[in-house]
Amino acid sequence: MALPSVMVLPLLIVVAAGVYYIYNEVMQYMAKSLVRNKVVVITDAVTGVGNECARLFHKGGARLILCGTNWDKLESLYDSLTSDADPSETFAPKLIILDFSDMESMEDVVAEVVDCYGCVDVFICNSSMKLKAPVQSVSLELDKNIMDANYFGPTTLTKGILPTMIPRRSGQIILVNSIQGRLAIPFRSSYAASKHAVQAFFDCLRAEVEEYGITVSTISHTFIDAATLQSPENPASKPNSLSAFIAKQLTHGVRPSVLANEIMRTVNRKRKEVVLAHPIPRVALYLRSLLPSFLFAVLAAGVKDSAVAEQMQ
């Protein structure tokens, strides 16, 4: 009996969705199997994205080295990972105190990381220090602190880990960066500057270490969990313009679990550059290259709208 033509399209959609779901499940399983027995370093493992990565890679059988600024939180994460884990399938994580703002401790941290297993297969550089403020209100000391946390710390640790990868001619370094390493928006000057700097460092590093079989990947994402429910505002205080819409989209975040899965896929596929963002930020990236004057005008108009809105409150 022939299938009614009206049913063909819905059936095709259902079949395509099923195939896509199965494909994703298979790829996730393969990704987990590829990290088994691999030595994986995760910085800032006690917060959202780092925590999700730790759980994902631990289930995949990786030999984890978890870094964070708070020992109690590291121990709590350790307990949650090992409490229900199968010792024959997983490894107990190693824990290391790491504070990128303390540059004097970096040499000891590098030695401690290397001493854990003698090598590193995957380095996930995840930590970040954020700041939102007008340029004129940010002190030089705060600028330096942000650069330490977002640039000097990650690059120093990377330089320390590289000697374990080069002789083995293998390894992967993943920078979990912000989309503001590629596109700057107002009131985040210091943060955007540090993210541009670290993006440039890893872009240079990618070319320099390719001959050694080392993959350098960068993941540029929008804000983590920025899309939260907010209390209703006075309609008169809410700017209704193209710039306001774009600004809202640029700060629309991604869930930590989504980003962690993307990191796992990046390890599996060895992709060199990933942009994890909604359509509007992607369009803004193209505008920055093709129509920069238009983008600058839109962002400047957004600043003016914000100033007007504050005056009306």
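Predicted model: local features only at pLDDT ≥ 70, side-chain atom pairs only at ≥ 80, totals over all residues.
Trainee: How are helix 5 and helix 6 oriented to each other?
Mentor: Helix 5 covers residues 140-165 and helix 6 covers residues 189-209. Their axes come within 8 Å and cross at roughly 15°. Angles under 35 degrees count as roughly parallel. Helix 5 and helix 6 are therefore roughly parallel.

Trainee: Is the crossing of helix 5 and helix 6 left-handed or right-handed?
Mentor: Two packed helices are described by the angle between their axes and the distance between the axes. The handedness of the crossing of helix 5 and helix 6 is right-handed.

Trainee: How many residues of the contact of helix 5 with helix 6 are nonpolar?
Mentor: Helix 5 brings residues including Ile146, Tyr151 and Leu162. Helix 6 brings residues including Val198, Phe201 and Phe202. The contact also has five polar and three charged residues. The nonpolar count is 12.

Trainee: How are the rings of Tyr151 and Phe152 arranged?
Mentor: A search of the whole structure finds three aromatic pairs. In the pair of Tyr151 and Phe152, the ring centres are 5.0 Å apart and the planes stand at 75°. Planes over 60 degrees apart count as edge-to-face. So the pair of Tyr151 and Phe152 is edge-to-face.

Trainee: Is Phe152 buried or partly exposed?
Mentor: Buried means under 20% relative accessible area. Tyr151, at 19%, counts as buried. Phe152 has 38% relative accessibility, so Phe152 counts as partly exposed.

Trainee: Which residues do ring pairs link into a cluster?
Mentor: The rings of Phe201 and Phe202 also form an edge-to-face pair, with centres 5.4 Å apart. Phe201 is buried at 18%, and Phe202 is buried at 0%. The cluster consists of Tyr151, Phe152, Phe201 and Phe202.

Key
Residues numbered from 1 in each chain as written. Heavy atoms only, no water. Axes fitted to C-alpha atoms, helices over the stretch in contact; angles between N-to-C directions. Helix = DSSP H or I, 4+ residues; strand = E, 2+ residues; numbered from the N terminus. Parallel < 35°, antiparallel > 145°, perpendicular 65-115°, else oblique. Left-handed = near helix turned anticlockwise from the far one by under 90°. Contact = heavy atoms within 4.5 Å. Nonpolar A, V, L, I, M, F, W, Y, C, P; charged D, E, K, R; others polar. Phe/Tyr/Trp six-rings, centres within 6.5 Å; stacked < 30°, edge-to-face > 60°. Buried < 20%, exposed > 50% of the residue type's maximum accessible area, 1.4 Å probe, protein only.
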